[in-house]
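Reader: I have a structure open and would like to learn how to read it. Could you walk me through it, feature by feature?

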Amino acid sequence: MPALTVTLDQTTSPWSLNVSSPQVDVDTYPTIITWQLSGMPSGASWSTNAQNPGFAWLGSNKPPPGTFTNPGINGANLSATDNGGLGGPWAYQLCIAIGGAYYRTSSVLSPTGTQKAPKIQNN
């Protein structure tokens, strides 16, 4: 069960989220992937706003239906089950809420720059 740490980078403008691993490689199914908020300011939580979802697939290369369960929130953790099927990498974006503001991981899909969207690869 991959457990990824999600931290808030307050040196960027606007602030952004970082994931401990830019790509998760999954070889065993079903596998639960968990993203854990760490070192967050008071009041930080996974976003439940429909316009700013806590988890969203990016780009046109999305996993086939049924590959993943819908992510669920349990306190500081957000988890989804990877049911398998070769493919990817699939880019995703995470979002948290602090007060009325939203902070996200990168949505950059191309390999330019240092900030790229995190990905999941099924092997």
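**Reading the core, the sheet and the rings**

Author: Gladly, and let us begin with the core. The largest nonpolar core has 23 residues, and those with the most contacts inside it are Val6, Trp35, Trp46, Tyr92, Leu94 and Ile96. Keep in mind that this is a predicted model.

Reader: Which elements give two or more residues to this core?

Author: The general idea is that in soluble globular proteins, nonpolar side chains tend to be buried together. Here, the elements that give two or more residues are strand 1, strand 2, strand 3, strand 4 (31–37), strand 10 (77–82) and strand 11 (87–98). Strand 11 gives the most, with five residues.

Reader: Which residues does Leu94 touch?

Author: Leaving out residues up to four places away in sequence, Leu94 touches Val6, Leu17, Val19, Trp35, Trp46, Gly54, Phe55, Tyr103, Arg104 and Thr105.

Reader: Now the sheet. What is the strand order in the open sheet of five strands?

Author: Strands of a sheet pair through backbone hydrogen bonds, either parallel or antiparallel. In this open sheet the order is 2-1-4-10-9, and the pairing is mixed. Strand 2 (16–19) and strand 9 (72–74) stand at the edges with a single partner strand each, so one side of each is left without a neighbour in the sheet. From one strand to the next, the twist averages 25°.

Reader: How many bridges join strand 1 to strand 2?

Author: Four bridges join strand 1 (residues 3–9) to strand 2, and the two run antiparallel. To find the place on your screen, look for Thr7, which stands opposite Asn18 in strand 2.

Reader: And strand 3: in which sense does it pair with strand 13, parallel or antiparallel?

Author: Strand 3 and strand 13 (residues 119–122) pair in the parallel sense, over four bridges. The bridge partner of Asp25 in strand 13 is Gln121. Strand 3 (residues 23–26) also has two faces to compare: Val24 and Val26 are on the covered face, while Gln23 and Asp25 are on the uncovered one.

Reader: How many aromatic pairs does a search of the whole structure find?

Author: The search finds seven. Trp15 and Tyr103 form a tilted pair, 5.4 Å centre to centre with 35° between the planes. Trp15 lies in the loop between strand 1 and strand 2 and Tyr103 in strand 12 (residues 101–104), so the pair ties together parts that are 88 residues apart in sequence.

Reader: Are these two residues buried or partly exposed?

Author: Buried means under 20% relative accessible area. Tyr103, at 15%, therefore counts as buried, whereas Trp15, at 31%, counts as partly exposed. Another pair is Phe55 and Tyr92, which are stacked at 5.3 Å centre to centre with 15° between the planes. Phe55 lies in strand 8 (residues 55–57) and Tyr92 in strand 11, so this pair ties together parts that are 37 residues apart in sequence. Both Phe55 and Tyr92 are buried.

Reader: Which residues do ring pairs link into a cluster?

Author: The cluster holds Trp35, Phe55, Trp57, Phe68, Trp90 and Tyr92.

Key. Residues are numbered from 1 along each chain as its sequence is written. This is a predicted model: local features need pLDDT of at least 70, side-chain atom pairs count only at pLDDT 80 or more; totals for chains, interfaces and linings use all residues. Side-chain values use heavy atoms; hydrogens and water are left out. Buried means under 20% relative accessible area, exposed over 50%, partly exposed in between (1.4 Å probe, protein chains only). Two strands pair if DSSP finds at least two bridges between them. Axes are lines fitted to C-alpha atoms, for helices over the stretch in contact, and angles run from 0 to 180 degrees between N-to-C directions. A nonpolar core is a set of buried Ala, Val, Leu, Ile, Met, Phe, Trp, Tyr and Cys residues joined through side-chain atoms within 4.5 Å. Contact means heavy atoms within 4.5 Å. Rings of Phe, Tyr and Trp (its six-membered ring) pair if their centres lie within 6.5 Å; planes under 30 degrees apart count as stacked, over 60 as edge-to-face and the rest as tilted.
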